[in-house]
Amino acid sequence: MFTRRLRSKAAAVVLMSLTLAATQACTGTPGSPGPQATALAPSTAPSVAAPQVTPMTDISAGCAGNSSEVEEAFAPPSYIYAEWIGCGGIGFARSTDSGQHFDAAMTVPGSKGPSWDPAITVAADGTIYAAFMHASPQAPGPATFPVVAVSHDHGASFTQVHEDRPPAAGNWGDRDFIAAGRGDRLFLTWDYGPSSAEVKALCANGGSCAFSSGDLNAVIQTSGDGGATWGPVIHLQPGFPLGGGYSAPLVVRPDGRVDVLYSAHPTDPGTGQLHPGYEYFTSSADGTRWPAAPRSLWPGQGTLSLPEWWIDGDISTDTAGNLYATWDTQTAAGDIGWLTYSEDGGRTWSVPRRVTPDTDNAPHIVESAGGRPGIAYIAWQTSAPAQGYATYLRPFSIQHGWLRPAIAVSAAYGNVRTWPGDTFGVSSLPDGRISLTWGSAVGTSKFSAIYAAVVKT
């Protein structure tokens with residue numbers, strides 16, 4: 001048995017600009033082309049031309065059933081790679097023209113059977129590493145573990161599939177993230193527990209699953225040969241095997257330093273019961289030696305609740321090395337998305353800024369993509385609008401703050417009763433445009449599909 005802590009043909013988008021108070025919900029009228037753009041506060045930056053959004057395109061067309069939980073990666077000069085749950089396993093599609101068009105979707109080799117939680121990265125030489133979680137009942141015993149498929153031809157095919165088996169059978173495993181370093185070096189985080197029998201799930205209607213108790217731990221492994229072999233499982237937070245950690249996105253700096261943001265819940269040592277938790281930042285010079293006391297990021301802003309079924313927390317870096325962390329908290333004031341940044345490699349972090357404008361308890365999946373120095377693009381997907389799921393984007397500057405009101409990227413609302421996935425994809429392109437991919441069940445469809453659009457802010 002496996003459980004998931006799944007935290008990622010429409011008309012052209014008609015953009016609307018509407019400035020709302022911070023406590024006002026995102027709104028739109030039924031049948032309108034998409035959610036309204038919103039703003040939290042006036043920008044101090046100079047005025048710029050109106051944003052442009054390409055028509056949202058179904059890139060999972062041809063895949064039967066649900067397609068959800070997409071992640072994406074950009075590679076120069078103009079490749080965008082998207083990977084998601086679907087197509088009979090894990091789906092994959094590529095664009096060779098910076099997101100204007102996508103090739104037909106395919107199924108990633110090795111993903112037949114129970115596979116979930118895609119993660120993707122591209123090395124400096126163009127090699128694609130498409131990772132996902134997989135459950136196997138086969139010898140030497142039932143196990144749950146990451147799998148990495150490798151492409152050396154820009155995603156036209158995947159010719160290698162590497163399994164990262166756990167130390168022993170009978171384990172619990174979930175949400176993986178992968179990042180490429182120098183040469184053939186890879187860094188892989190995933191959620192690991194020695195015993196799947198100890199993990200108790202909390203599952204939501206229209207969502208996926210969270211956890212109430214168990215041996216949850218955010219761990220990392222490294223590979224020096226492109227994923228063919230992996231080093232030992234290293235836990236990122238204290239208290240193993242009851243560390244309470246999971247969902248650990250990461251970035252790798254040019255000098256090889258690895259930065260990780262992960263969620264962790266205090267865990268009762270006797271019962272394994274979890275309690276509301278926080279986001280933590282930790283960093284390693286080489287991915288193998290980690291500090292004993294990771295830093296909690298702004299715990300005064302609120303906690304991460306136990307029933308929170310989506311991926312909470314994301315980390316990115318701009319071309320100057322500034323770090324951006326996003327997450328959302330659940331308090332009496334509702335579910336609120338946050339942004340904080342660091343200009344000194346994670347030693348200090350800015351006072352958090354509120355990202356999401358609506359006041360409600362709807363999920364807010366908040367992610368970011370770093371751009372040119374001092375610039376990041378903050379995106380979120382939420383079911384807050386009465387009409388259904390919507391995806392937004394807002395550019396941010398360390399110097400000026402928010403650069404414009406939020407941009408409605410999705411041109412149609414998604415059915416709140418159909419799970420779109422717990423992540424979406426966002427990439428910063430060299431020319432300043434932003435690529436986004438997301439899951440949504442739009443129109444009369446009973447199934448979620450993967451949509452793509454490119455935004456010029």
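Biologist: Why is Cys-203 called exposed?

Modeller: Its relative accessible area is 57%. Exposed means over 50%, buried under 20%, and partly exposed in between, with a 1.4 Å probe and protein chains only. So Cys-203, at 57%, counts as exposed. This is a predicted model, where local features need pLDDT of at least 70, side-chain atom pairs count only at pLDDT 80 or more, and totals for chains, interfaces and linings use all residues. Residues are numbered from 1 along each chain as its sequence is written, and side-chain values use heavy atoms, with hydrogens and water left out.

Biologist: What makes Cys-209 buried?

Modeller: Cys-209 has 14% relative accessibility, so it falls under the 20% limit.

Biologist: How do you know that a disulfide joins Cys-203 to Cys-209?

Modeller: The S to S distance is 2.0 Å. A disulfide is a pair of cysteine sulfur atoms within 2.5 Å, so this pair qualifies. The link of Cys-203 and Cys-209 is right-handed, with 100° about the S-S bond.

Biologist: What makes Cys-63 and Cys-87 a disulfide?

Modeller: Their sulfur atoms lie 1.9 Å apart, so they meet the 2.5 Å limit too. Cys-63 is buried at 17%, and Cys-87 is buried at 10%.

Biologist: Why is the disulfide of Cys-63 and Cys-87 called right-handed?

Modeller: Because the torsion about its S-S bond is about 60°.

Biologist: Why is Ser-440 called buried?

Modeller: Its relative accessible area is 3%, so Ser-440 is under the 20% cut-off. Its contacts (heavy atoms within 4.5 Å) include Tyr-389, Pro-420 and Phe-447, not counting residues up to four places away in sequence.
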